[in-house]
Amino acid sequence: MPAVRLVRWAAVTTAAACVAFPLSAAGPAGAGHTDTRRPVFLVRPAGHQAPVDAVGSYAPLSVLAAPTVGLLSNTAATEGITPATARGAAYLGRSNVLRLPSGRWKYVPPGRTASVVVAAGDPGARQQIAQSGAWLAAGRVPGGTPAQRAAAERALLTMRALLRPNGAMAAGWSAGWMYSWPRDSSFACAAFAHTGHEAEAYRILRYSAATQRPDGTWEARTRLDGSGPPDGRRWQLDANGWVPWSAWQWYQTAPPATRRARLAGLYPMIRKAADHAAASLRADGLPPASPDYWELMTTTTNIGTAAPLLAGLNSSADLARELNRPADAARWAAAARRLSAGMAAKFAPLRYQRTVDGQHGHDSAVAFMAPPFNAASADLPRALATTYTALLLPNGGLTPGNDRTAPWGGNAWTPSTSFFALAWAGTGRTAKARQVLDWVLSKRNSLGELPEKVDAAGRPSSVAPLAWTGSIVLLTLVALDGNGLPTPPSWTAGEQSARPRA
């Protein structure tokens, strides 16, 4: 989600060709990486740069730079819906087929990369509607009310549209978001897994394995074809926690007949990620400073990196136990204990503020210390309440943090707000969880899509849909459905050898 995404790029394209715009970006930081500057090239795919109106003519050139508000997709190809096209339109049933104000339908046919406008009742469009409904029915649509279930269906269809055939998960479908972040992808993996779509969850994990760097880390984001990063932005250590955590969540729901063999195939990725995470811990048990989900560098360790690494080390230790790798399990469990002790000593007295120096205020990443990421400590409920109050905006949503140097302004961010719905659902505060969730769901746009931000007046803003918010909402709904979500075990001394293997 991130601050870097606050600075978006105006792009003017023609309807016939892709255009690249050179910008500049800071080079990556960290061991083994040099600090360089090189051009960034943002390219609009052809399917996104030629929006059409209800009668099939091209929209005004001024509309081309507008962020998306919805998606058309045949699952292999996806096209953004502009605000102009969405005006007066609505999705048909449980699908990504759009009914236009004229009564005609708009969709991306199988085998095509761009949408077409067809007569109402078109057989190909009807078939796509039926296929989307069958995919939803094959899994689980969480939610205790019709409104929640409708939101869950739309979030699932959105995530399916953003998932590429190779397993890359696009964060969104506007320029600047059409890349795969390991963090966003890991949440989507967990959401797919817990809604019965194991094939999609596993596909994301395979992509994570394919794009892992030799040292066990990941780039901040990659192009959707897996060819590497689009720019030189700093890599982010939190991926070494998020990816193993998502693998652990997938494993809890995967079919017993195949999950062990598939885990063995993913295990080299998990081992490299966990070993790098463990080796990064300093004498005080904490990881070094690294950009986190804000995509801003801090001078001292931040909670947005430490908490995911703790979840990832605990997850890795448990997965090693599943594959009867006791040495790996013991090594990562020991690292998790060191990290947990360091966080108890440095972060807990500050109620899990953004950084250990206490100079950067509260951070919505305090929610990463709660289930389904980490087992909640006794002091966490108070920290959650304190942070929520500190970050609450007049429009009812949350800012990611209250660091005075961060450029958040008066916009609420739906991922940060949703973090608290998920954390309170995981810690038994279901009334609070539902209250926050209701606010998030009330901010869906006219197509029912979840936006990235909500402006000071309470209106959806920035791009929609956002895969990350959809994933968090789905996980929250699953957690509220009754059985909750599993949390990686917190390993105590000797436990890794005492627990029976599944």
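**View 1. The hairpin of β3 and β4, with a positive phi at Thr 75.** In this predicted model, the hairpin has 4 residues between its two strands, and Thr 75 takes a positive phi near 80°. Strand β3 (residues 70–73) pairs with strand β4 (residues 78–81) in the antiparallel sense, over 4 bridges. To find your way along the pair, look for Gly 70, which stands opposite Ile 81 in β4. In a regular strand, side chains alternate between the two faces of the sheet. Here both faces of β3 are covered: Gly 70 and Leu 72 are buried on one side, and Leu 71 and Ser 73 are buried on the other.

**View 2. An open sheet of 4 strands.** Follow the strands across in the order β5-β6-β7-β8, where the pairing is antiparallel. Strands β5 (90–91) and β8 (116–118) are at the edges, and each of them pairs on one side only. Strands of a sheet pair through backbone hydrogen bonds. A handy landmark is Ala 90, which has Arg 99 of β6 opposite.

View 3. Helix α4 covers residues 182–194. How far apart should the ends of its 13 residues be? At 1.5 Å a residue the helix should span 18 Å, and its end C-alpha atoms are 18 Å apart, which agrees. Since 13 of the 13 residues of α4 are buried, the helix is largely enclosed by the rest of the structure. Just after α4 comes Gly 196, with a positive phi of about 85°.

View 4. Asn 314 sits in helix α8 (residues 303–322). Is this residue buried or exposed? With 4% relative accessibility, Asn 314 counts as buried, because buried means under 20%. Setting aside neighbours within four places in sequence, Asn 314 is in contact with Ala 336 and Asn 374, and also with Pro 488, Pro 489, Ser 490 and Trp 491.

**View 5. Val 440 in helix α12.** Here we turn to helix α12 (residues 430–442), where Val 440 has its place. Val 440 is buried, with a relative accessible area of 1%. Which residues does Val 440 contact, leaving aside its neighbours within four places in sequence? They are Thr 417, Ser 418, Leu 450, Thr 469 and Val 473. Ala 421 lies 19 residues from Val 440 along the chain, and their C-alpha atoms are separated by 9.2 Å.

**View 6. Tyr 352 and the nonpolar cores.** The largest nonpolar core has 125 residues. Tyr 352 is one of those with the most contacts inside this core, along with Met 169, Trp 250, Leu 313, Leu 339, Met 343 and Phe 368. Apart from this core lies another, of 12 residues, among them Val 69, Ala 86, Leu 98 and Leu 447. Back at Tyr 352, the contacts beyond four places in sequence include Ile 303, Phe 347, Val 366 and Met 369. Ser 377, Asp 379, Leu 380 and Ala 383 are also in contact with Tyr 352.

**View 7. The protein chain as a whole.** Stepping back, the secondary structure of the chain comes to 14 helices and 11 strands. Of its 502 residues, 59% count as buried. Among contacts between residues at least 6 apart in sequence, 65% join residues at least 24 apart. The accessible surface comes to about 17,900 Å², and carbon and sulfur atoms account for 56% of it.

How values were computed:
Residues are numbered from 1 along each chain as its sequence is written. This is a predicted model: local features need pLDDT of at least 70, side-chain atom pairs count only at pLDDT 80 or more; totals for chains, interfaces and linings use all residues. Side-chain values use heavy atoms; hydrogens and water are left out. The expected span of a helix is 1.5 Å times one less than its number of residues. Buried means under 20% relative accessible area, exposed over 50%, partly exposed in between (1.4 Å probe, protein chains only). Contact means heavy atoms within 4.5 Å. A nonpolar core is a set of buried Ala, Val, Leu, Ile, Met, Phe, Trp, Tyr and Cys residues joined through side-chain atoms within 4.5 Å. Accessible areas come from the Shrake-Rupley method with a 1.4 Å probe; for residues, only the protein chains shown count as cover. Two strands pair if DSSP finds at least two bridges between them.
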